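This briefing collects notes on a model of a protein assembly, and it is meant to be read alongside the sequence and the coordinates. The notes are grouped by topic.

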Amino acid sequence: MDTIQIGHILRAGATGFVAGCSVSQLEAPALGALVRAPLGDRYQVFGLITGIHIDDDGLVRQLVTAGEVSPEVMHDNRERRIVPVEMSVLAVGYEMEGRIFHLLPPRPPLSLDVIYLCSDGELVKFTSAGRFGYFRHILQAKDIPIGEVLAAHILDVRQKTKNERWGEEATRELITLLRDDYPTLMSVLGALGEVV
Amino acid sequence: MALNFQQVFDQIREIGAGARARREILDALRKRARTLFDSWADKTAELADKVERARQADSNLRCAIPLAGRLDASHPAPVDEKPVTLLAADGSQILPDRHAALLYSLVNVGAIVLETRSGRAPETFTDSNLYYADEIYTETGMLTEEAIEQRRDIAERKKLLELAKPADGPCVALTDGPVELWGAKNGGEGDYRKNLEIHKSVLSQMQAKNMTVAGYVDKPGADLLIRTLEIAGLADEQMKDIRRQHPLRGVSDRWLFSAILEPGCRSAIFGLQSSSRPHYTGSLALHFFYLNVGQAKRPSLVRVEIPQWVADDEEKLNLLHAALLEQCRIMGARPYPYILHRAHEIAVVKFEEKRQVEQMLEIELRKAGSELDEGSNKQSAKDLKGRSRNQSAGRAV
């Protein structure tokens, strides 16, 4: 099993959590990627990355006004200074006793719990369980770019699983779920049009 | 209400009303200073003699000693593309607080090593020293703020010495503030004398490692050359009363050199006349120059203090000059050496960290069954809810 550690939990709730990581860890996570936070031998929470946020500080603001930034200064700021990189993760399900549920987790992860990027196998296992039940968490989420997150997620699954059929079924499911919400449907289909 | 704003407002209006008159006086003083500067610019030997006579009248005199060459010399930025190892250290300290429950002190030194043109991330280091029980007392009583600051200054330079690898090529070591160790300079203070010997020993070892050592003084307040010009304008019979003679008070070295030094240029090198001069002799004798790290319409004058072994070495001077300009450029419109800012950032002890240290110390002492004191009632009253949010900007004792 691939175990790419991408950060630690900073704060968490029933519907999602925020993880922090160093800039050097930032190559692994991407918008729409499925991540997991193991909370015990038989229980782990799954989530989708819905945002990646990098805070500035006074020094960074001053450096960018100075023009050219030398490689040494760039490395210093990225590797030595505390640059807070935060990932917002939407809880989309959990695994308990080997069974996947597309429900909100019974309890959230705790501060400093490690989160990992899901391996291809875990991605298949989670996305193929049930019938896209976790899409409702994404569609109900507030303040996230729903269409973009779904497009990034579907592209990620198709590229990693090579399962074209899954992408088509996912799109049909989204059309069904959004049949009464025309503006969101158009927004989602617009984004999906870029990847399907 | 903490302030009587009516009284303060009246005083502010008076200040405003006198601004024009003060400006006229300052303009006249500046004109006088500039005239003196121009007329003495090529008479440095004669001026140095006057400074010596003034020093004989007052050994605590603090001013610039003109050396060979012109006073108004300006040296342009050297073209130096050579890679150099830059070291910087800065320190912070927690002072013993007799009102606190725990009586301790802490000196924290942050250091950074940056190899220019390497493309690599710099290395950062932190050394923290906790002083407790007997360690916070001297023969004469509890460690003073001054004594702790001296320990901090020495720790900064020791760290720079430890990090220097002379085999790796040219190495510039920077600290914020003067190279001179501050403190009671009459030599009678045991602590100062002891620390001074350590300080000089560290400087000598830095020289042995062929390091280019400098202290960077941003917005310098000591108007050393203006003081020298004041001496220049005095008759010999006025020398005995030198302490009271400040005919150019208000005029600053920064103003004087901002009209002389183009961006990137440094001034002539001057010797430093201060009460510590007898202690820093030979290759450790302290010198300084001014450097304009600003831009065409916004000069920014800083003072750079160096020991004699650096002042005497053209290559080291150029290396230092180029390195400081490059470091200041990184910070854009508010020039200050990036590496010094980073050393400060590493060294600073945050309030939360201070609290954690105190908690750890308290837990350890409790486990060992030690008797723990309580904070003072005065401190307790100050910490009462409602007051703690309005922390005083000044220090009321």
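In this predicted model, a search of the whole structure turns up 0 disulfides over all chains. B:Cys265 takes part in no disulfide, and the nearest cysteine sulfur, which belongs to B:Cys328, is 14 Å away.

- B:Cys265 is buried, with a relative accessible area of 9%, and its sulfur has that of B:Cys328 as its nearest cysteine sulfur, at 14 Å; a disulfide would require the two sulfur atoms to be within 2.5 Å.
- B:Cys63 is buried as well, its relative accessible area being 0%.

**Interface of chain A and chain B**

- The size of an interface is often given as the accessible area lost when the parts come together. For chain A and chain B the buried area is about 1,300 Å², and carbon and sulfur atoms give 54% of this area.
- On the side of chain A, the residues that lose the most area to chain B are A:Gln62, A:Glu72 and A:Arg80, which together account for 43% of what that side buries.
- Between chain A and chain B, 12 residue pairs are in polar contact, counting pairs in which both residues have pLDDT 80 or more.

**Salt bridges across the interface**

- The rule finds 3 salt bridges across the interface of chain A and chain B.
- A:Arg80 forms a salt bridge with B:Glu123, in which the closest N and O atoms are 3.1 Å apart; A:Arg80 is also one of the residues of chain A that lose the most area to chain B.
- A network of salt bridges links residues from both chains, namely A:Asp57, A:Asp76 and A:Arg81 together with B:Arg342 and B:Glu345.

**Salt bridges within the chains**

- In chain A, the side chains of A:Glu164 and A:Arg158 meet in a salt bridge with an N to O distance of 3.0 Å. A:Glu164 counts as partly exposed because its relative accessibility is 45%, whereas A:Arg158, at 16% relative accessibility, counts as buried.
- In chain B, B:Glu230 forms a salt bridge with B:Arg227, the closest N and O atoms being 2.7 Å apart. These two residues both lie in helix α6 (residues 224–232) of chain B, 3 residues apart, or about one turn of the helix, and both B:Glu230 and B:Arg227 are buried.
- Also in chain B, the side chains of B:Arg366 and B:Glu362 meet in a salt bridge at 2.9 Å, N to O. B:Arg366 and B:Glu362 are 4 residues apart in helix α11 (residues 351–367) of chain B, so about one helical turn separates them; B:Arg366 counts as exposed at 54% relative accessibility, while B:Glu362 counts as partly exposed at 29%.

- A:Lys162 is placed in the loop between α5 (146–161) and α6 (164–177) of chain A, and at 69% relative accessibility A:Lys162 counts as exposed.
- B:Lys219 lies in the loop between β9 (212–217) and α6 of chain B, where B:Lys219 counts as exposed at 59% relative accessibility.

- Not counting residues up to four places away in sequence, A:Thr50 touches A:Leu31, A:Ser88, A:Val89, A:Leu90, A:Ile144, A:Pro145 and A:Val149.

Key. Residues numbered from 1 in each chain as written. Chains lettered and ligands numbered in written order. Predicted model: local features only at pLDDT ≥ 70, side-chain atom pairs only at ≥ 80, totals over all residues. Heavy atoms only, no water. Buried < 20%, exposed > 50% of the residue type's maximum accessible area, 1.4 Å probe, protein only. Buried area = accessible area lost by both parts, 1.4 Å probe. Salt bridge = Lys/Arg side-chain N within 4 Å of Asp/Glu carboxyl O. Polar contact = N/O pair within 3.5 Å; in protein donor to acceptor, adjacent residues only side chain to side chain. Contact = heavy atoms within 4.5 Å.
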